[in-house]
Amino acid sequence: MDDVLVLKDYKTIPDIVHEYAPSLKFGHIPLVIDNGSYQCRVGWSIYEEPYLIFKNLIARPRKDRCKKDADPPVTPPIQIGNDIINIEAVRFQLKTQFDKNIVTHFEVQEQVCDYIFSHLGIDSEGHVPHPIVMTEAFVTPNYSRQLMSELLFEAYGVPAVSYGVDSLFSFYRNGIGDTALIVNCGYHTIHFIPVLKGKVIAERARRINLGGSEIISYMHKLLQLKYPVHVNAITMSRIEEILHEHCSIALDYQEEIRKWANPDYYEANVKRVQLPFVQSSSSSTLTAEQQKERKKEMARRLLEINARKREERLLEDEEQLNQLLALQESIEDGETDEFNEAIKAFDIKNYGDLQRQIANLNVRIEKNKQRIAAAANAEEVVETRPTGRYQPPNEPEAFQVWLEETRAKYREVSARREARRARRAAMAKRRTAAAAERMRAISRLAAAGDDFGYRDSDWDVYKSISREADSDSEADGERLVELEEALREYEPAQPSQYHHQLHLAIEPIRAPELMFQPSMMGNLEAGLAETMEYVFKHFSEEDQLLLANNVFLTGGCSQFPGLKERLERELLEMRPFQSSHKVVMAKNPNLDAWYGARDFAGSNDFENWCISKEEYYEMGGEYLKEHHASNRYYKSPAPLIDNTLTPAGDANVVKEEIVVDC
């Protein structure tokens, strides 16, 4: 497979500030916000498509220390959504308002709402004069809804709010009936919501705490462990791109894994992804012959430098020897006073020390002369190259044939060597066939008596026992070394881009498999198929049949290729023999929740399902009006008062009144 996939490294485009038309400003048009934990989608209920689609993230970039406080900042103090152009540069400064799929950080939610209303162009002073349809997670806690209502009514002064569940909006948008088992595969969780005749059976619903976020993180760890050299290049954004474009769900995961064990299947189906890299200028301008000549030139220069240093040391030693010989002549001539003055400069104690230094200098000078003579007479060392059968031909076509033959020989010798090692390992084990055959040979040897070795047939028994001492083993080892040297010498080096590639083999199916096997990442929860079967068991056989005939898939993670086929196969295994089942995919899993909320906002009964500001003050922030796509409303119980901590009244206690003069 020669096709190499190139990462696109998508960059976000900052959102424009839309025009706040008079028809919107004075028309009391509802605003639809699909507040997802991965993406937020915002638009007016009278338009077909949302105006804003951005990741629900904010980033506070670090201040540039090189800039003074008086200088205007290069980047805005807070970047939100599509304003984050390079998300990897601020990866560690990212924040979100969500904890899993529940909004808990409302200071971040307020900044996101500011971004929404400012980019929609809403310029009304002090308030947002539009009713809002806001999506929320299934069985959202009351405290989260209370703080969201408080933010919308108190901070933005909206006239009315209606809450709904995103997966239910998507379900009714697709118009596939009023009975289904909704499987919402989200960014942080997977929800199973049974709906019977338009009624949500909340007590039978289940959730798996796993979603797209965990799949991305798992894929990120797999590739970083596989390619530790490219840890910095394997970023979360690139993993998201690989996940969206190259991952799929295997119909039979174990069977797919077995296929990848075949080298031919691997070479035919592996996906090669090219990482960005910088081409080295030296490797691109110099050929192999030029690099060899350059190495020879450097070696020659080093030899010249060493020879020059030897000559300098020889001259210094000869000069010092002449001075010491002059001192020796002076002491022999009887000039003791001059000798005593001179030895102080040479750090010589007596005449014997002088003789030793002269002898050492003579030896050193003689060795230096020998080294200089040897370097001058040394011939250039000729590189040893493989000769005979490992000498390549000069013609390019013949050279390619020779190279392929050499590679085939190398693989053949390596396979023979590995087979020999496997046979030795089998002999060491007690219950293998090789060990049993060896024991039979030893028993025949013991029965032969003391005359073993006189017959030629005895040598066959000895060879059957000592297979590991095969004479071919040493010869194969030497031949393998020769072949390695020949390939290392003549095999062309791979271009630099091959060293910056990711080979995606089982990873594109292994990461999405987490949806069915969360235990692969250490999660002890049941997988998608097991949880679905568990939900079915809580209903009667008639209701099970109704739910199984309308399994509705929605959410971003439901877009993996092969998920529908895998669920149909799992349903075939778990359902009774010859019972029917059906899996339905949402038409647009990403936007159907927003489309359903838009249709809900445009219905005639929309105002009846909205919470007005007066109802908010009367009923509290956690209150919501139930409708076909909403959560159920359960009023929070009143707080319990512990009377045991309150001191009982005592008639004997004297109460004093304290007056403070101001």
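**Exercise 1. Find which residues have the most contacts inside the largest nonpolar core.**

Step 1. The largest nonpolar core of this predicted model has 49 residues. Such a core is a set of buried Ala, Val, Leu, Ile, Met, Phe, Trp, Tyr and Cys residues joined through side-chain atoms within 4.5 Å; buried means under 20% relative accessible area with a 1.4 Å probe, protein chains only.
Step 2. Phe-192, Met-515, Leu-528 and Met-532 have the most contacts inside this core.
Step 3. Helix α5 (residues 212-226) gives the most to the core, with 6 residues. Helices are DSSP runs (H or I, at least four residues), strands likewise (E, at least two), numbered from the N terminus.
Step 4. Take Leu-528. Leaving out residues up to four places away in sequence, Leu-528 touches Cys-185, Ile-190, Phe-192, Ile-208, Met-515, Phe-516 and Leu-567. Contact means heavy atoms within 4.5 Å.

**Exercise 2. Describe how α4 and α21 cross.**

Step 1. The axes of α4 (residues 166-174) and α21 (residues 592-601) come within 7 Å and cross at roughly 75 degrees. Axes are lines fitted to C-alpha atoms over the stretch in contact; angles run from 0 to 180 degrees between N-to-C directions.
Step 2. The two helices are therefore roughly perpendicular (65 to 115 degrees).

**Exercise 3. Locate the lowest and highest confidence.**

Step 1. The chain averages a pLDDT of 85 (the predictor's confidence in each residue, from 0 to 100).
Step 2. Helix α9 (residues 281-285) is lowest, at a mean of 49, and strand β18 (residues 551-554) highest, at 98.

Residues are numbered from 1 along each chain as its sequence is written. In this predicted model, local features need pLDDT of at least 70, side-chain atom pairs count only at pLDDT 80 or more, and totals for chains, interfaces and linings use all residues, while side-chain values use heavy atoms, with hydrogens and water left out.

Terms used:
Parallel < 35°, antiparallel > 145°, perpendicular 65-115°, else oblique. Buried < 20%, exposed > 50% of the residue type's maximum accessible area, 1.4 Å probe, protein only.
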